[in-house]
Amino acid sequence: MSDAERAAEVLTRLRELHPEARVELDHDNPLQLLIATILSAQSTDRRVNLVTPELFKKYPDAAALAGADQSELEEDLRSTGFFRQKAKNVIACCERIVEEHGGSVPEDMDDLTALPGVGRKTANVVRAVAFGLPGITVDTHCKRLSQRLGFTEQNDPVKIEHEVGSLFPPTVWADVSRLFVWHGRYTCKARTPLCAECNLQDLCPWFRDQVD
Ligand code: SF4
């Protein structure tokens, strides 16, 4: 079986195993998803979801966030960790969205990654989930699973994005991201992967190495 055939089979099985897989950051529009993803760095989706309902009520659009008082926003974001840097980035990011994009989150990768606090991972989440555009989201879970499945030996997220992306047609990249992140988070865990609950054992070089 070629890597591409194995990749296709992995995707089929992950779809069967995790029909509930989804992006867990609560949001109603692209801006809310962008801000929630920025806040999720070094935090958990659950923690962010506790903060964002009040946050988005208080600051309903990019202009409101761009005009936020820095110290007040820091307090609003405190429980998500790294709140000073996050507040600074959120304000600067929304200023740029207002000044250069008329208050709407841009779709273009270069425009997104030019926003303060927005890296490729965040940009890919927004592009795939909010706009339905092709993008592989390489977070810690996707990276670990891709390595264990032998789809990459790279550590650099951009190289992983390209190597994993090359195994799948772009039309399914959003699905790959959603399912790899979910499977990595809940089954192929970092310290103790739940291989007994995984339907990829016969496709997984990492598992084979453990039992050999
Ligand atoms: S068999 Fe184990 S190591 Fe391989 S993908 Fe499944 S959980 Fe991860």
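Domain bounds, as used here, come from an automatic or database domain assignment. On that basis the protein chain is divided into domain 1 (3-22 + 136-211) and domain 2 (30-131). This is a predicted model, in which local features need pLDDT of at least 70, side-chain atom pairs count only at pLDDT 80 or more, and totals for chains, interfaces and linings use all residues. Residues are numbered from 1 along each chain as its sequence is written.

## Overall fold

The secondary structure of the protein chain comes to twelve helices and zero strands. Helices (H or I, at least four residues) and strands (E, at least two) are DSSP runs, numbered from the N terminus. The radius of gyration of the protein chain is 18 Å, close to the 17 Å that the globule rule gives for 212 residues, so the chain is as compact as a globular protein of that length. That radius is taken over C-alpha atoms, and the globule rule is 2.2 Å times the number of residues to the power 0.38. Along its principal axes, the C-alpha trace spans about 60 × 30 × 30 Å.

Burial is counted from C-beta atoms placed from the backbone: a residue is buried if 20 or more other C-beta atoms lie within 10 Å of its own, exposed if 12 or fewer, and partly exposed in between. Of the 212 residues of the protein chain, 37% count as buried. Two residues are in contact if their C-beta atoms, placed from the backbone, lie within 7 Å. Among contacts in the protein chain with a separation of 6 or more, 61% are accounted for by residues 24 or more positions apart.

The C-alpha centres of domain 1 and domain 2 lie 28 Å apart. Nine residues of domain 1 are in contact with five residues of domain 2. On the side of domain 1 that touches domain 2, the elements giving two or more residues are α10 (157-165) and α11 (173-186). Of these elements, α11 gives the most, with three residues. By class, the residues on this side of domain 1 divide into six nonpolar, two polar and one charged. Here Ala, Val, Leu, Ile, Met, Phe, Trp, Tyr, Cys and Pro count as nonpolar, Asp, Glu, Lys and Arg as charged, and the others, Gly among them, as polar.

The largest nonpolar core has 53 residues, of which Leu33, Leu34, Ile35, Ile38, Val90, Cys93 and Val126 touch the most other members. Domain 1 and domain 2 both give residues to this core, so the core lies between them. A nonpolar core is a set of buried Ala, Val, Leu, Ile, Met, Phe, Trp, Tyr and Cys residues joined through C-beta atoms within 7 Å. Not counting residues up to four places away in sequence, cysteine 93 touches Ile38, Leu115, Pro116, Gly117 and Val118.

## Surroundings of the ligand

There are 13 residues around the ligand, and Cys188, Cys195, Cys198, Cys204 and Phe207 come nearest. A residue is near a molecule or strand if its C-beta atom, placed from the backbone, lies within 6 Å of it. The shell around the ligand has ten nonpolar, two polar and one charged residues.

## Individual residues

Most residues other than glycine have a negative phi. Glutamine 42 has a positive phi of about 55° although it is not a glycine. This residue lies in the loop between α2 (30-39) and α3 (45-58). Phenylalanine 82, also not a glycine, has a positive phi of about 45°. Its place is in the loop between α5 (70-77) and α6 (83-101).

Methionine 1 is in the segment before α1 (3-17), glutamine 147 is found in helix α9 (residues 140-148), and glutamate 95 is in helix α6. The table gives the neighbour counts.

| Residue | C-beta neighbours inside 10 Å | Class |
|---|---|---|
| Methionine 1 | 9 neighbours | exposed |
| Glutamine 42 | 10 neighbours | exposed |
| Phenylalanine 82 | 14 neighbours | partly exposed |
| Glutamate 95 | 17 neighbours | partly exposed |
| Glutamine 147 | 17 neighbours | partly exposed |

Some pairs were also compared by C-alpha to C-alpha distance. Glutamine 147 and valine 164, 17 residues apart in sequence, are 9.8 Å apart in space. Glutamate 95 and proline 116 are 21 residues apart in sequence and 9.5 Å apart in space. Methionine 1 and glycine 184 are 183 residues apart along the chain, and their C-alpha atoms are separated by 23 Å.
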